[in-house]
Amino acid sequence: MKVNEKEAVRLMVVLIISKVFLWDINRFVYSSGTAAWINAVLSTVIAVLAFLILSWVYKKTDYDDVFSCIKSAYGKTGLYIFGTALFIMQLVNLIVVLRIYSNTISTITLTSAPSFFVLIFILATLIASGYFGIESIIKISSVSCIVIVLFIVVLFLFDIPHYELTNIFPILGNGVSGFLNCYKNVGFYNEILFLFFIIPLLKDRKRFKNTGLKSIIYSGIIVILTTLVFTLTAPYPVNTQFYLPMLEISSAVNINVIFQRAESVFLILWIFTCFIYLGSAFCFVLYTFEKTFQISDSKAIIPAVLFIVVTLLAPFENINEANPIYGFMFYAFAITVFCVMTITFAISAFRRKRAK
Amino acid sequence: MKRVIPFFLASVMIFSLCGCAKINYEVDDYAYVIAVGVDKGDSDNLKITLSFANPNAIGGGSESGSKSAGEGNDNLINFTVESSGIFNALNVANDNISKMVNLSHVKLILFSKEIAVGGIKEYIEGFTRELSVRPATIVAVCDNSCEDYLKSITPKLEVNPEKYINDLFDKNKTTFLAKATLSDFFLWGRSKSKDVTAAYLGTQGEAKSNRYSEDKNEYSYSVDDNKTGDVPISTENKSVTLGTAFFDGYHLAGMGTNIENLYMQLLIGEASEVVYSIKDSKKSITEVSLSQNEKPRYEVDVSGAKPKVKIKIRLEADVMSIGDIRVDKNTYKELEKKLKKALTKELNTYMYKIVKDLKVDSIGIGNYAKSRFLTWQEWEEYDWKKKYPDLQYKIEVDANIVKFGLLDKSLNIGERRD
């Protein structure tokens, strides 16, 4: 099953904007205070530039598959090491995000349900995702993306009466020092790595660069708008206290007696993104293992990987224990995607050129 | 296998979705709290009053729902408990009533003046942390005892107490009632650029607390002004609005009269349509309806040692009732002048009270001042809170009379008598 550009962009957008439903918007607020939205703009611009470099170098390799590039750059042993590192990194990220999603959902709703109850549903989604494959998730996210974006826009519009324009002042927030830190927030677009994984599935592989750019720009617009709306709704520095900015935006909706309690909208968005993000992440973990160790059927390892996921969930009893690792993975992933991958593609391109 | 999976899923749905098994609580298993009152209890405890909606009385209509004055109100069932904390009180309530206490319909959180003076930060943060309590929940201050106030709520025109509280605080309908929500307190309580103003409630006919005497004579406004507590109404519902409660952060800083909320609304640009009275030298009273269709303009100057602000308010007025005055081309201009003069004087008095006396930034001038700084560090270094009492203000009111009602403006009863 091949996917077109539109479907690939929608998957990427859903994966990237899944972070706006977690704590991550606060990264911009912590860096730049009242100028958080400017920080988000700068981070998006840096992500676009970094992706342009990455795609340019990747194009030079002439490979359709990331793992072929890695193999050509570092050899077979190098592929094992690099692939294993990538597998572990994605696995840890999946586990941490899984813990955050399951614990937070039991805070927002299902408050009396034990966290393993929520976990069971998510694990069931992972199993289904693993068996049906990434193609099915792409098709689902293609529809879900429109619903998610629509609901986000509705929330933003309903919040207009609560916008306090003076919240964006002082206009430069924490000043130049805050803006200089914007490169750290480029990790918001880490999921662009998965675009390289689905290149073999693209109908028109030559439009890979356009797909990536559109993904970053479209999701960037949503990220910037969410940051701006969050700043307009809650003044700095009080807004740094909120664990879930998007939930705060939703709960602020209060138009007459009809449009209230928009947390239900947040919940729908949360469930959509949670299932799509975790399902996709699980598929890419399987894909990484399959490509690294050249196994013929990735479905065979689903029970084993699932067992590892459930076992490694145990140390993270609550969100506070998962958050430091989540923060670390945010940066580790960013360095891997935007630095290590660029270097790898450059080496691969260089070797290919030399071989020619 | 392809047939087994759909059959299995369908079976799961059939058995799980159509049953009436008592897995969780039903709607009628909950006791819905409409209002929470926080008073000082004995020793270090709090006295928490929970007002539950009585669905039996509400559902039964007004006849069964409302009783005459003195008999109390069946629509609200009050439960008072002494506890170390607000949420601990819920446990005690749960142990003593047959239903589960539910906070998802709380409309009003009341703090006694004693509690409010000491600061309400921990309570506000506690309620904000609780997901079931809405950010739009109204927060108000009670003169003496919140318990007494909640017991005195006996709405006569409304059976549903939740709707009564909602309508009472509806911004579009009230002029003299300050409205502050849980979200307002949480967002601005710690802010250095704005302070919150809440409603000041009490019980009619009750001995007033000592702090009423703090209402100074110089804060005397127009003919509509009443001294705090001298509520000029006679009603069977003994729960009344006494005035305005000014907060400095999370601490109660002082009280104000009902009409002060009108001035606040004019200054923040939210007085959509209010009635205002002007008294002339002949002691005849002209009532005009003021409409504020645009936000006031704030020009803040922070370049000097003392901050300065110029506030321009633009209003449109409709004549509602007029004394023995001939309204022609010249006299309505005179009326406009009087209106501008009276409003400017009263707004200046209000500003003096909040800036120089109470030192609270109720109208959020600090928010406008923030825009004069480029970075947060510069704003912090300026120390607005410290400089705020030195604020020099100038208010310009531009009020134009645009309508004279359905009666001919040239009609003059006095002339006909002559």
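I take contact to mean heavy atoms within 4.5 Å, and with that rule I looked up chain B, where 74% of the contacts between residues at least 6 apart in sequence join residues at least 24 apart. The model is predicted, with local features needing pLDDT of at least 70, side-chain atom pairs counting only at pLDDT 80 or more, and totals for chains, interfaces and linings using all residues. Residues are numbered from 1 along each chain as its sequence is written, chains are lettered from A and ligands numbered from 1 in the order in which they are written, and side-chain values use heavy atoms, with hydrogens and water left out.

**Chain B as a whole**

I found 15 helices and 14 strands in chain B, taking helices (H or I, at least four residues) and strands (E, at least two) as DSSP runs numbered from the N terminus. Of its 418 residues, 50% count as buried, where buried is under 20% relative accessible area, exposed is over 50% and partly exposed is in between, with a 1.4 Å probe and protein chains only. The accessible surface of chain B, by the Shrake-Rupley method with a 1.4 Å probe, comes to about 20800 Å², and 51% of it belongs to carbon and sulfur atoms.

I then turned to helix α10 (residues 260–268) of chain B, which is largely enclosed by the rest of the structure because nine of its nine residues are buried. Among these buried residues are B:E260, B:N261 and B:Q265, as well as B:L266 and B:L267. After α10(B) comes B:G269, with a positive phi near 80°.

In strand β2 (residues 46–53) of chain B I looked up B:L50, which counts as buried because its relative accessibility is 0%. Beyond its neighbours within four places in sequence, B:L50 is in contact with residues including B:V33, B:I77, B:F79 and B:L90.

**Cores**

A nonpolar core is here a set of buried Ala, Val, Leu, Ile, Met, Phe, Trp, Tyr and Cys residues joined through side-chain atoms within 4.5 Å. Which residues touch the most other members of the largest nonpolar core? I noted A:I198, A:L278, B:I120, B:L267, B:Y276 and B:M351, out of 212 residues in that core. Helix α4 (residues 66–108) of chain A gives the most to this core, with 19 residues. Apart from it lies another core of 19 residues, among them B:A35, B:L110, B:A140 and B:C146.

Setting aside residues up to four places away in sequence, I saw that B:M351 touches, among others, B:L267, B:I311, B:L391 and B:Y393.

**Rings**

My search of the whole structure gave 39 aromatic pairs over all chains, a pair being two rings of Phe, Tyr or Trp (its six-membered ring) with centres within 6.5 Å, stacked if the planes are under 30 degrees apart, edge-to-face if over 60 and tilted for the rest. The rings of A:F266 and A:W270 have centres 5.5 Å apart and planes at 40°, so this pair is tilted. Both residues lie in helix α11 (residues 263–292) of chain A, four residues apart, about one turn of the helix, and both A:F266 and A:W270 are buried.

**Between the chains**

I ended with the contact between the chains, which takes 22 residues from chain B and 27 residues from chain A. Chain B and chain A bury about 2100 Å² between them, 60% of it on carbon and sulfur atoms, where buried area is the accessible area (1.4 Å probe) that two parts lose on being put together, summed over both.
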